[in-house]
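Subject: the structure for you to look at

Hi,

Here is the structure I promised to pass on. Have it open while you read the rest, and click on the residues as they come up.

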Amino acid sequence: MSGQEEAHPPADHRSTYRCPVCRARFRGSAACSRCGADLEPLMRLAVRGLRLRLAARRALLAGDPLGAREILNRARQVHATPEVRRLGLLAAWWLRSGEAP
Ligand SMILES: [Zn+2]
């Protein structure tokens, strides 16, 4: 995988996550701005989830709903976001209908 989108996640990406200890909003630093908890594992997980979502979207755009569904199954285990759900519904519908929208 390569491309700018991974190096520069969308700006709204950070606010989706909260510190697991004190629930302070995630501000993109490796330590919580409020309680100082180590947020690096959370960040790694978030980036992995984002990469899987982007890969699933690329697969759908390339006309590969089966591949997209497999990627989304993995994405769901990492971080189940509304976008993962929406893409999953799209892939499932596509596979049922058997043709491109
Ligand atoms: Zn905290």
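Predicted model: local features only at pLDDT ≥ 70, side-chain atom pairs only at ≥ 80, totals over all residues.

Among contacts between residues at least 6 apart in sequence, 34% join residues at least 24 apart.

**Helix H2**

H2 covers residues 40–61. At 1.5 Å a residue, its 22 residues should span 32 Å, and the end C-alpha atoms are 31 Å apart, which agrees. Its buried residues are Ala 46, Gly 49, Leu 50, Leu 52, Ala 56, Ala 59 and Leu 60. What covers them includes H3 and H4. After H2 comes Gly 63, with a positive phi near 80°.

**Helix H3**

Next is H3, residues 65–78. The same kind of check works here: 14 residues at 1.5 Å each should span 20 Å, and the end C-alpha atoms are 20 Å apart, in agreement. Pro 65, Ala 68, Ile 71, Leu 72 and Ala 75 are the buried residues of H3. Looking down the axis of H3, you see these buried residues fall within an arc of 120°, so they line one face of the helix.

**Helix H4**

H4 runs over residues 82–97, and its 16 residues should span 22 Å at 1.5 Å a residue; the end C-alpha atoms are 22 Å apart, which agrees. Which residues of H4 are buried? They are Val 84, Leu 87 and Ala 91. Down the axis of H4, the buried residues fall within an arc of 70°, so they too line one face of their helix. They pack against H2 and H3. The face turned away from that buried side carries the exposed residues Pro 82, Arg 86, Leu 89, Trp 93, Arg 96 and Ser 97. Just after H4, Gly 98 takes a positive phi of about 75°.

**How the helices pack**

Two packed helices are described by the angle between their axes and the distance between the axes. For H2 and H3 the angle is about 165°, with the axes 8 Å apart. H2 and H3 are therefore roughly antiparallel to each other, and H2 passes H3 in a left-handed crossing. Residues of H2 that meet H3 include Gly 49, Leu 52 and Ala 56, and on the H3 side Ala 68, Ile 71 and Leu 72 are among them.

For H3 and H4, the angle is about 150° and the axes are 9 Å apart. That puts the angle over 145 degrees, and H3 and H4 are therefore roughly antiparallel. Their crossing is left-handed. The contact is made by residues including Ala 68, Leu 72 and Ala 75 of H3 and Val 84, Leu 87 and Ala 91 of H4.

Note on methods. Residues numbered from 1 in each chain as written. Helix = DSSP H or I, 4+ residues; strand = E, 2+ residues; numbered from the N terminus. Expected span 1.5 Å × (residues − 1). Buried ≥ 20, exposed ≤ 12 C-beta atoms within 10 Å, placed from the backbone. Arc of directions from axis to C-beta. Contact = placed C-beta atoms within 7 Å. Axes fitted to C-alpha atoms, helices over the stretch in contact; angles between N-to-C directions. Parallel < 35°, antiparallel > 145°, perpendicular 65-115°, else oblique. Left-handed = near helix turned anticlockwise from the far one by under 90°.
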